[in-house]
Amino acid sequence: MTTATGSDASRPALLSAFGCYVLWGLMPLLFMGQHAIGFDAFEILAHRALWAVLVAGLLVVLAKQGGQVLAVFRSPKTLGWLMLSTVLIAVNWGLYVWATTHHATLEASLGYYINPLLNMIVGLWLFREKIDKWGWVAIGLAAIGVVLQALALGRPPWISIALAISFASYGVIRKRVPIEAQAGLFIECLLLAPLGLLWVLWLVHTGASDGFDSPTNLMWALANGPATVLPLALFAWSARRLPLSTIGFIQFLAPTIQFAVGVWAGEQLTGLRIASFAFIWTGAGVFAAAAFLRQRAARLALKNSASEVVNG
């Protein structure tokens, strides 16, 4: 991973990262708006799969990654992994759209708070990565938050857990597949697009379609394409130019905005639920601070090592 060294070089990357997570955080508003004019969760998901493939294809062309896409279709193993990642991202998208259109945005935001902490556990389990004491503190605080959330809801927070697990599993698979983010997303969208097209055609045939009822509805439907693809493109661009500690801080912006949207939409926020999020927020803060300190220590060690080489 390359990292910008100067402030002039890092400023666009920071803006890109902030833009990415702000867009992800505001995405519930898009789905809520569509739901308010008649779209159900399945129709939103279908339009998301259908129109995202066009935007993702354009980005592949602009990034000149067509060769990577063709190479995947010549490699059954790589294509198989991407088919599995497609199932996982479809599950994740479907749950998220359903949650944001059924007054469960707060529960969805919880899933994206615990996702980076779950990634730590997955890294320990699959990749033998080490977790320091602060990592375990963050995980412990998040676990308490999840338990309190279950008590507040009167049931386990299944949406949160399923979103976190599906996205963490998706990340593990994409980590193993040797393909750029844009090209990989295009193939995933390409695999999902026929299902989206069939569902949209079925809705049109049965007279149940909302996406083609009016030019305004069509614009809402088409908005799913760039809303799905552009944040990921911004993330892929910024992640190659920013330290992981910086990304670690900024990534909590998205669920924080999602939380605010859920409160704005009038979702129930009891005292116990606030306590749950307080533990989650504290765990996220410990995670982000520990990531920052590790990155700073690594930079200092590198600087000292270079200084010793020069002076030696």
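**Figure 1. Order of elements in the predicted model.** From the N terminus on, the elements of the protein run α-α-α-α-α-α-α-α-α-α-α-α-α. The protein thus shown is a predicted model, with 13 helices and zero strands.

**Figure 2. Overall dimensions of the C-alpha trace.** Along its principal axes, the C-alpha trace of the protein spans about 75 × 55 × 35 Å. The radius of gyration of the protein is 21 Å, which agrees with the value near 20 Å that a compact globule of 312 residues would have.

Figure 3. Of the 312 residues in the protein, 46% are buried. Among contacts with a separation of 6 or more, 85% are between residues 24 or more positions apart. The protein has an accessible surface of about 15,700 Å², and carbon and sulfur atoms contribute 71% of that area.

**Figure 4. The second largest pocket.** The second largest pocket holds about 270 Å³ of space. It is lined by 14 residues, and those closest to its centre are Leu45, Ala90, Leu192, Leu195 and Gly196.

**Figure 5. Helices and residue types in the pocket lining.** Three elements each supply at least two residues of the lining of the second largest pocket: helix 2 (41-62), helix 4 (76-100) and helix 8 (181-206). By residue type, the lining of this pocket has twelve nonpolar residues, two polar residues and no charged ones.

How values were computed: Residues numbered from 1 in each chain as written. Predicted model: local features only at pLDDT ≥ 70, side-chain atom pairs only at ≥ 80, totals over all residues. Heavy atoms only, no water. 1 Å grid on protein atoms, 1.4 Å probe; cavity = no way out; pocket = protein on both sides within 12 Å on 5 of 7 lines; lining within 4 Å. Points joined across faces, edges and corners; volume = space filled by probe spheres on them. Helix = DSSP H or I, 4+ residues; strand = E, 2+ residues; numbered from the N terminus. Nonpolar A, V, L, I, M, F, W, Y, C, P; charged D, E, K, R; others polar. Rg over C-alpha atoms; globule rule 2.2 N^0.38 Å. Buried < 20%, exposed > 50% of the residue type's maximum accessible area, 1.4 Å probe, protein only. Contact = heavy atoms within 4.5 Å. Areas by Shrake-Rupley, 256 points an atom, 1.4 Å probe, with all protein chains shown as cover.
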